[in-house]
There are 2 protein chains.
Amino acid sequence: MSNRRDAVHAVLRQSEGFRSAQDVYAEMRAEGAKIGLTTVYRALQALADTGHVDVLRTDDGESVYRACASGDHHHHLVCRTCGRTVEVAGPAVERWAEAIGSEHGFTEITHTLEIFGTCAACSTAAKPARTPSRA
Amino acid sequence: MSNRRDAVHAVLRQSEGFRSAQDVYAEMRAEGAKIGLTTVYRALQALADTGHVDVLRTDDGESVYRACASGDHHHHLVCRTCGRTVEVAGPAVERWAEAIGSEHGFTEITHTLEIFGTCAACSTAAKPARTPSRA
DNA sequence: GGTGACTTTGACAACCATTTTCATTTGCGC
DNA sequence: GCGCAAATGAAAATGGTTGTCAAAGTCACC
């Protein structure tokens, strides 16, 4: 029955970068899957709770999910143009955060860290001419 | 005329931690200020654009604002219980992010980093008994 | 002092992702 | 086959944020 959950997970596994709930839903419907938006949200949350996928918020407040290779704590280097994502680990940062926290008397330190940039491919593609589509 | 904007800014200055737009609006109304929600949002955005206040998204997608001491790039150590905020600088992290980015061929690196924890006062107040409210 | 152009304001409606509700369906044990 | 409990999904509710638009305020200029 939690077949739906697996289906949702599968969609994420097939994706390169982060996908929004609406996005996943749309794709599944497009593929002919009979599933409700509600279920997608529930599946995504369940997956996130069990640590099977990573969640993060986009700048416009949308939640995006991604099936990550490792279940360990890690961060993401995301291309702001194509969405390609690289998982990175930063032991030094973890320690730094801990240290900063303790230094100020804080306990149970957690942190959120995401790195954004333009990947090689996109930065090449973006400035061939000298009309950088300046918005 | 941009008196409203100053008023909004003032509210933030009087606050210790991050405040949501709705929150600021409610407080201003409570103080008797005649201001509309729309205006509060606009003021907040304007302030954020000009770098007078820092913005970040809470886990539930709400935008929260804070008038920060320095206009420089810095991060926040936020108490998840009382909201008290400490501004921290982490040159090492900035460099690390840059390095990781270049290493993967990314350019125009930016990053978001927030540290959450329980401050000394709150952690003391929270565990008087031995019922750690383990969710 | 008056007038008109332009900007700011704010009430209200529109948006939209997410959540809740609730009736129906499905799986499973008995 | 029956009934219960969990899962599902359609639709409505929620709630923060943004857009619309007319009214009010400012200011320059006559």
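Which atom of DNA strand C lies 2.8 Å from a polar side-chain atom of B:Thr39?

Reply: It is a phosphate oxygen of DNA strand C that lies at that distance from B:Thr39. This is a predicted model, in which local features need pLDDT of at least 70 and side-chain atom pairs count only at pLDDT 80 or more, whereas totals for chains, interfaces and linings use all residues. Residues are numbered from 1 along each chain as its sequence is written, chains are lettered from A and ligands numbered from 1 in the order in which they are written, and side-chain values use heavy atoms, with hydrogens and water left out.

The phosphate oxygen facing B:Thr39 can be set beside another one, which is 2.6 Å from a polar backbone atom of A:Ser63. Sugar and phosphate account for 68% of the atoms of DNA strand C that come within 4 Å of the protein.

As for where this surface comes from, α2 (21-30) and α3 (37-49) of chain A, together with α3 (37-49) of chain B, each supply at least two residues (helices are DSSP runs of H or I with at least four residues, strands are runs of E with at least two, numbered from the N terminus). With four residues, α3(A) gives the most. By class, the surface near DNA strand C has six nonpolar, seven polar and five charged residues, with Ala, Val, Leu, Ile, Met, Phe, Trp, Tyr, Cys and Pro counted as nonpolar, Asp, Glu, Lys and Arg as charged, and the others, Gly among them, as polar.

A:Ser63 also belongs to strand β3 (residues 63-67) of chain A, which is joined to β1(A) by two bridges and runs antiparallel to it (two strands pair if DSSP finds at least two bridges between them). In that pairing, A:Ser20 stands opposite A:Val64. The open sheet of chain A has three strands in the order β1-β3-β2, with antiparallel pairing, and its edge strands, β1 (19-20) and β2 (53-57), each pair on one side only.

The two protein chains that flank this site also meet each other, 36 residues of chain B being in contact (heavy atoms within 4.5 Å) with 36 residues of chain A. The area buried between them is about 2,900 Å², of which carbon and sulfur atoms give 65%; this is the accessible area, for a 1.4 Å probe, that the two parts lose on being put together, summed over both. On the side of chain B that touches chain A, β6(B) gives the most, with twelve residues, and the residues there divide into 17 nonpolar, twelve polar and seven charged. Strand β6 (residues 107-118) of chain A and β6(B) pair in the antiparallel sense over nine bridges, with B:Thr118 as the bridge partner of A:Thr107.

Notes: Near = heavy atom within 4 Å. Polar contact = N/O pair within 3.5 Å; in protein donor to acceptor, adjacent residues only side chain to side chain.
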